[in-house]
Amino acid sequence: MNAIEIIGLCKNFTGKRMTKIEALKGLNLEVARGEVFGFLGPNGAGKSTTIKLLMGLLKPTTGLSRIMGVESSQTLSRTNVGFLPENPAFYDYLSAEEYIKFVGSQFGMEANLLATRTEEVLKRMDLWEARKRHMRGYSKGMVQRVGLAQTLVHDPDVYVLDEPMSGLDPIGRALVKDIILDLKKQGKCVFFSTHITDDVEKVCDRVGVINNGQLLVVDSVTNILQRGIEGYSVLTISPEGVQEENYVGKDELQFFIQRSLQNNQSIEKIESRSKDMEAFFLEIVAR
Amino acid sequence: MITIIGITLKGIFRDRVFQGIIALSVLFLFIPSAASLSMRQVTELSITLSLSLISFILLLLSVFLGATSLWRDMERRYTFSVLSLPIGRSSYLLGRFMGLTLFLILTSTFLGVLACVMIKVSSSIYPSDRPIVWSLLVLTLLFTTLKYILLVGVALLLSTVSTSFFLPIFGTICAFLASGVTQQVYEFVYSPSAEKLVSPLIKMLVTALYYFLPNLSGFDLKVNAIYGIPANFTGLGVTVAYFVAYTAILLGGAAILFNRREMK
Ligand SMILES: Nc1ncnc2c1ncn2[C@@H]1O[C@H](COP(=O)(O)OP(=O)(O)OP(=O)(O)O)[C@@H](O)[C@H]1O
Ligand SMILES: [Mg+2]
């Protein structure tokens, strides 16, 4: 069973003067258990719409989605999920600690376990000092941290995160990457949206690129990076000890190595020169 | 759902609007002196004033809290974080309703005790020839509370369809104002004197509205409390049944609409 299944999902909104806005046009996607999936797309691509449909906040025009085999329209589908909304907002008259405990209790956590887990996640998100203050007085990044803490507290198997890094400082962003990698190690499924390609490159197993409500590519990160190789930079040293850096085309590497050896040049270092995820992303979206 | 009730209560107690409205209860302290101005019937007047003040405070609370609680959840986007938890929307709505109901009961108990103390004070300074029937006073308070609980149901129903606070707040106020007169209008339309004045179409319209709008006239026992007139228990039974049925319909409708509502 896949952790997340999206089958032929369409969503239309009615805009001003009854105009139809097609936010999603027949999305199909499967994310396996234990997989970290990056959902990449420019602004207005339909990422948040997909996620809201998945969490049952919106109703699909046609198609359906499932989490752990249960359809999103059912409350039961959300029992094993940690969800972080885009620019989250939480009851601002509660403190972070009260809110985390509230969330844990909704997942039926037992009180002692909840207390220890709450302490753990608040400390991990660096909110321990502020835990008794009402969230009304929190900064944007602190609220985002509460958002992440509340996805972690009940230790679900599936995580759905809408732009988890947004609003965070570099330390916070590094922390989120660490957390996602940690979750991957524990065999959890993480589905997150972002427009920062670098995040995807570092933590994801697979990436999907969405634009104008259509999924354009789904592929593994290694494949994409492999395909992107354009050439190599080869450092050679001549018998006289002169170092030289050479740029070699993708198909010329073998030939270059043979020639270097014939010329008694020793090869010190070969590095691949590849287009990164960013270039890949820009190319796909521009198509 | 219990936790939603708890959250609702916490939210109200930490809210400024609530604190402001509760500050109105300071007015109770003036009741004995205000009532004494009448020279005669001081006790009766102090009962009238107390009950009216309680009614007014409960009206404000039920309209504002009832209309803004769901609306604010959606407006401030709390719904994204809360309704994506494994809570059914109906339970969420019901939790909100129960929380508000519990709060109204607590408030009316608190204000009721305050009122009783003030009435006692007034009547001890200017003793009345008619004894105060405390049980009737309590009964009146009970039915006043029920009335405003029903009004909270109206406010919640309206806020499940509305995207602004305008409709729930003004809609609830209108429903409240209408509820006071539907009985009279209905009786007038069907009275012999209106036979020639009212067209059958209007008659039908009034009848439809009469059954559609809440009818809160039965909840008003003020006169009984003030003059110590024994209550009509069959009438009260009908009123309670009406309360249960009407509130259940309101909540059922609200749950259906809230379940279909999209969180954009
Ligand atoms: N409530 C709504 N009413 C009308 N149109 C909407 C609504 N919500 C989203 N849309 C439209 O649907 C499309 C997709 O929006 P969505 O929020 O899913 O984008 P996104 O990929 O999350 O973008 P971002 O990176 O900016 O968060 C956009 O064209 C947007 O205008
Ligand atoms: Mg978005």
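Modeller: Buried means under 20% relative accessible area, exposed means over 50%, and partly exposed lies in between, using a 1.4 Å probe and protein chains only. This is a predicted model; local features need pLDDT of at least 70, side-chain atom pairs count only at pLDDT 80 or more, and totals for chains, interfaces and linings use all residues. Side-chain values use heavy atoms, with hydrogens and water left out.

Colleague: Why is Lys11(A) called buried?

Modeller: Its relative accessible area is 3%. The limit is under 20%, so Lys11(A) counts as buried.

Colleague: What makes Glu262(B) and Lys11(A) a salt bridge?

Modeller: The rule asks for a side-chain nitrogen of Lys or Arg within 4 Å of a carboxyl oxygen of Asp or Glu. Here N to O is 2.8 Å, so the pair qualifies. The pair crosses between chains, with Lys11(A) in strand 1 of chain A and Glu262(B) in the segment after helix 11 of chain B. Helices (H or I, at least four residues) and strands (E, at least two) are DSSP runs, numbered from the N terminus.

Colleague: Why is Glu262(B) called partly exposed?

Modeller: Its relative accessibility is 24%. That lies between the 20% and 50% limits, so the label is partly exposed.

Colleague: What coordinates the magnesium ion (ligand 2)?

Modeller: Ser48(A) through OG and Glu86(A) through OE, at 1.9 to 2.2 Å. Donors are N, O and S atoms within 2.8 Å of the metal (3.2 Å for Na, K and Ca); water is not among the atoms, so sites may look incomplete.

Colleague: Why is Ser48(A) called buried?

Modeller: Its relative accessible area is 13%, under the 20% limit, so Ser48(A) is buried.

How values were computed: Residues are numbered from 1 along each chain as its sequence is written. Chains are lettered from A and ligands numbered from 1 in the order in which they are written.
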